[in-house]
Amino acid sequence: MGSLFTPLSWSDSGLILTGVWNTIIISVLAIVVGTALGLIVGFIRSESNKVVNVLFGSLLDVLRSVPLIIQLILFSTLMGAMGSPLAPFVAGSIVLSLYTMAFMSEVFRGGFESVSPSMQTAARSLGMSNWQTIYHIRLPISLRAVFPSWLGVSLSVIKDSALVSVIGYMELLRTSEQLISRTQQPLEILIGVGIFYFIISYPLSYYGRYVERKMAI
Amino acid sequence: MISVQNVHKSFGDLEVLKGVSLDVNKGEVLSVIGGSGSGKSTLLYCINAIESINKGTILVDDVNVHAKVTNKDKLRQKLGMVFQQWNSFPHMTVLENAALAPRIVKKMSKEEAIEIARKELEHVGLGDKLDVYPTKMSGGQQQRLAIARALAMKPDYMLLDEVTSALDPELVGEVLDTLRLLAEEGMTMICVTHEMGFARDVSDRVAYFHQGVIAEIGEARQVITDPQNPLTQKFLSKVR
């Protein structure tokens with residue numbers, strides 16, 4: 001009589017690669033959208049309008065304080081309950097992007113605030129407009145200052161993307177869970193998954209170190 | 001010509017300038033001396049429209065600086081300004097620091113801007129530092145870079161706000177020498193300074209500010225060596 005379980009085989013590699021790919025897709029999307037939104041929100045926050053700051057501040061606090069896994073389940077369930085269920089990828093991308101934005105905005109706000117007002121005055125005294133000062137002075141100086149923190153947030157987004165599995169997105173972790181339940185080979189599979197997360201993250205951190213070296217002045 | 005007419009300026013309840021009037025003609029060097037809080041730096045900020053004024057008028061070549069219709073970015077191209085803190089742009093080389101404003105504000109071609117920047121940097125003695133990042137340089141060198149950066153905009157006037165105050169004593173000389181050179185070349189300058197020797201030797205006139213008013217203004221050597229106002233006498237006796 002054959003076993004209930006079928007061992008891991010080469011034919012599973014397609015499934016695993018799909019999981020890898022889906023992890024990469026949702027991470028990159030969240031990092032790109034989160035960075036773009038975080039840059040805008042961080043800039044607005046650094047301009048220190050009190051009303052805006054309180055509004056944004058509390059929203060960001062919520063996004064950063066509630067565990068991602070709860071945000072994912074709540075958002076996905078709520079959308080379903082309201083009659084417009086979202087595909088796991090869509091719901092996961094929205095929540096992960098906003099979550100990333102919450103951290104990125106604080107990173108960028110710190111960066112913008114690290115450029116002294118007197119530096120801006122010096123730029124304006126040369127006849128630069130406000131926008132020219134932002135684009136040529138404040139932005140490049142603050143981006144350099146926050147790059148290591150940006151990299152740290154990005155790396156954790158890749159790892160946090162594993163949580164999107166709870167709402168059914170077939171990323172690397174969920175793929176591996178399915179394989180484990182079929183093969184009952186958790187050790188081999190989880191080691192393999194760990195290696196894949198490393199392979200996805202390492203180029204980013206390697207590239208990050210390269211960029212930091214290049215920017216070091 | 002810069003014409004300051006009865007200018008009042010307050011920060012909250014604190015009135016920093018209480019009716020200041022003075023004229024600076026083309027080619028003239030005016031040094032402004034006085035204790036801290038006397039309003040001398042504020043006056044420069046008002047001339048450059050970095051600060052607004054509450055009352056009075058400031059004219060630069062007959063343009064009303066604080067009029068709503070005045071394009072302040074355009075006006076500032078005429079008024080080179082150097083501050084106590086040199087504020088080099090740390091993400092650019094020395095050459096790029098000086099070439100940036102000509103390129104993006106005056107819309108010069110990159111080659112033109114670099115040519116002008118190089119000339120002005122050689123002018124202040126930084127010709128061998130073009131590709132260095134400013135954070136690798138001394139305060140004196142960075143302050144000379146700030147001067148060159150302002151000069152690259154070909155300003156008609158230079159406003160200098162205590163440009164040697166933040167420098168180590170041994171670096172003051174090189175910056176003052178650069179200013180001396182500019183004065184000899186006929187640059188119109190208003191120098192807020194604590195360097196009495198510089199004020200006496202390089203400027204044409206000296207104004208002594210006391211609590212927001214000009215207590216004394218006159219020919220440089222006379223004000224420094226033979227002040228008429230008792231307040232000026234007291235101030236100078238303390239700083240010497």
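## Model and conventions

Residues are numbered from 1 along each chain as its sequence is written, and chains are lettered from A and ligands numbered from 1 in the order in which they are written. Because the model is predicted, local features need pLDDT of at least 70 and side-chain atom pairs count only at pLDDT 80 or more, while totals for chains, interfaces and linings use all residues.

The model scores are ipTM 0.89 and pTM 0.85.

## Overall form of the two chains

Chain B contains 9 helices and 10 strands. Helices (H or I, at least four residues) and strands (E, at least two) are DSSP runs, numbered from the N terminus. The radius of gyration, taken over C-alpha atoms, is compared here with a globule rule of 2.2 Å times the number of residues to the power 0.38. For the 240 residues of chain B, a compact globule would have a value near 18 Å, and chain B agrees with 18 Å. Its C-alpha atoms fill a box of roughly 50 × 45 × 30 Å along the principal axes.

Chain A has 8 helices and 0 strands. Its radius of gyration is 21 Å, well over the 17 Å that the globule rule gives for 217 residues, so chain A is more spread out than a compact globule. The box filled by the C-alpha atoms of chain A is roughly 85 × 45 × 20 Å, again along the principal axes.

## Burial and contacts

A residue is called buried if 20 or more other C-beta atoms lie within 10 Å of its own, exposed if 12 or fewer, and partly exposed in between, with C-beta atoms placed from the backbone. Buried residues make up 48% of the 240 residues in chain B and 35% of the 217 residues in chain A.

Two residues are in contact if their C-beta atoms, placed from the backbone, lie within 7 Å. Taking contacts between residues at least 6 apart in sequence, 63% of those in chain B join residues at least 24 apart; for chain A the corresponding share is 80%.

Helix H5 of chain B (residues 139–151) has 13 residues and reaches 18 Å from its first C-alpha to its last, close to the 18 Å expected at 1.5 Å a residue. The expected span is 1.5 Å times one less than the number of residues in the helix. Of the 13 residues of H5(B), 12 are buried, so the helix is largely enclosed by the rest of the structure. Among them are B:Gly140, B:Arg144 and B:Leu151. The buried residues of H5(B) pack against strand S6 (79–82), helix H3 (94–104), helix H4 (110–123), strand S7 (157–161) and helix H6 (169–184) of chain B.

Between the chains, 22 residues of chain B are in contact with 17 residues of chain A. Helix H2 (72–76), H3 and H5 of chain B each supply at least two residues of the side that touches chain A. By class, that side of chain B has 12 nonpolar, 6 polar and 4 charged residues. Here Ala, Val, Leu, Ile, Met, Phe, Trp, Tyr, Cys and Pro count as nonpolar, Asp, Glu, Lys and Arg as charged, and the others, Gly among them, as polar.

## Strand pairing in chain B

Two strands pair if DSSP finds at least two bridges between them. S6(B) and S7(B) run parallel and are joined by 4 bridges; B:Gly80 has B:Met158 in S7(B) as its bridge partner. S7(B) also runs parallel to strand S8 (residues 188–192) of chain B, with 5 bridges, and B:Tyr157 stands opposite B:Thr188 in S8(B). In S7(B), 5 of the 5 residues are buried, so the strand is largely enclosed by the rest of the structure. B:Tyr157, B:Leu159 and B:Asp161 point one way, and B:Met158 and B:Leu160 the other way.

An open sheet of 4 strands in chain B has the order S2-S1-S4-S5, with antiparallel pairing. Strand S2 (14–24) and strand S5 (63–64) of chain B are at the edges with a single partner strand each, so one side of each is left without a neighbour in the sheet. Strand S4 (residues 55–60) of chain B pairs with S5(B) over 2 bridges in the antiparallel sense, and B:Leu59 stands opposite B:Asn64 in S5(B).

B:Glu111 lies in helix H4 of chain B. B:Glu111 is exposed, with 10 other C-beta atoms within 10 Å. B:Glu111 and B:Asn25 are 86 residues apart along the chain, and their C-alpha atoms are separated by 34 Å.
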